[in-house]
Amino acid sequence: MSIVDDLKKTMLASDLDDNDVRILAEITNVQEFFKDAVIFKENDKQECLYILVEGKIAIERRSLSGRHIGRTVIQNIRHGQIIGEMGFVERRNSSATATAKSHVRLALLKFSELDSLIQQNPRLGTKLLRTVAEILSSRMRRMNEQWLRSSMDDNKLQEFEYF
């Protein structure tokens, strides 16, 4: 199967026509990882958005207390989803570690390629950025709901600050 066909099945391409997906395929690089390989580590310099076209990935974080008690899986990513979106938008280091839980094939969209695309094709660049924003918003909404449920289990609601 071609990368164009693979990308058509992803969240990032949900609002793209066939020509848009072909353009996206031209500016991505495909990388493969074996099971248990680290794709990126917490605090690594983030330079691209990762589009999962095959496999499963675990997103893990260290304890916020700073004590080394291992890692906690905060999200499992499956075929068609994206990772690295926070670093992609903020242009900051990765906030978590991504580990392959099976054979993984990723399409990588570098920041520099997106910047060039925005200059050359603002319509498509805007569509991609909007889709990433919608994915971030959806994930944040889900996290808020999970936080609210867990806070309610303690019979008191902890104050939550966004900044």
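**Salt bridges in a predicted model**

Student: What does Lys127 count as, at 23% relative accessibility?
Tutor: Partly exposed. Keep in mind that this is a predicted model.

Student: Which side chain does Lys127 meet in a salt bridge?
Tutor: That of Asp20, at 3.3 Å from N to O. Lys127 lies in helix H5 and Asp20 in helix H2, so the pair ties together parts 107 residues apart in sequence.

Student: And Asp20, is that buried or exposed?
Tutor: Buried, with a relative accessible area of 0%.

Student: What about Arg123 and Asp20, how do their side chains meet?
Tutor: In a salt bridge too, 2.7 Å from N to O. Arg123 is in helix H5 (residues 122-153) and Asp20 in helix H2 (residues 18-26), 103 residues apart. Arg123 is partly exposed, at 42%.

Student: How many salt bridges does the structure hold?
Tutor: It holds 10. One of them joins the side chains of Arg105 and Glu54, at 3.5 Å.

Student: Where do Arg105 and Glu54 lie?
Tutor: Arg105 is in strand E8 (residues 104-110), Glu54 in strand E3 (residues 48-54). So this pair ties together parts 51 residues apart in sequence. Arg105 counts as buried at 13%, while Glu54 is partly exposed at 34%.

Student: Which residues are linked with them in a network?
Tutor: Asp6 joins Glu54 and Arg105 in a network of salt bridges.

Student: New topic. Why does Glu60 have no salt bridge?
Tutor: The nearest side chain of opposite charge, Lys101, is 4.5 Å away.

Student: What does the Glu60 side chain contact, then?
Tutor: The side chain of Thr99, through a polar contact of 3.2 Å. Glu60 itself lies in strand E4 (residues 56-62).

Terms used:
Residues are numbered from 1 along each chain as its sequence is written. This is a predicted model: local features need pLDDT of at least 70, side-chain atom pairs count only at pLDDT 80 or more; totals for chains, interfaces and linings use all residues. Side-chain values use heavy atoms; hydrogens and water are left out. Helices (H or I, at least four residues) and strands (E, at least two) are DSSP runs, numbered from the N terminus. Buried means under 20% relative accessible area, exposed over 50%, partly exposed in between (1.4 Å probe, protein chains only). Lys and Arg count as positive and Asp and Glu as negative; His and the chain ends are not counted. A salt bridge is a side-chain nitrogen of Lys or Arg within 4 Å of a carboxyl oxygen of Asp or Glu. A polar contact is a pair of N or O atoms within 3.5 Å; within protein, one must be able to donate a hydrogen and the other to accept it, and residues adjacent in sequence count only if both atoms are side-chain atoms.
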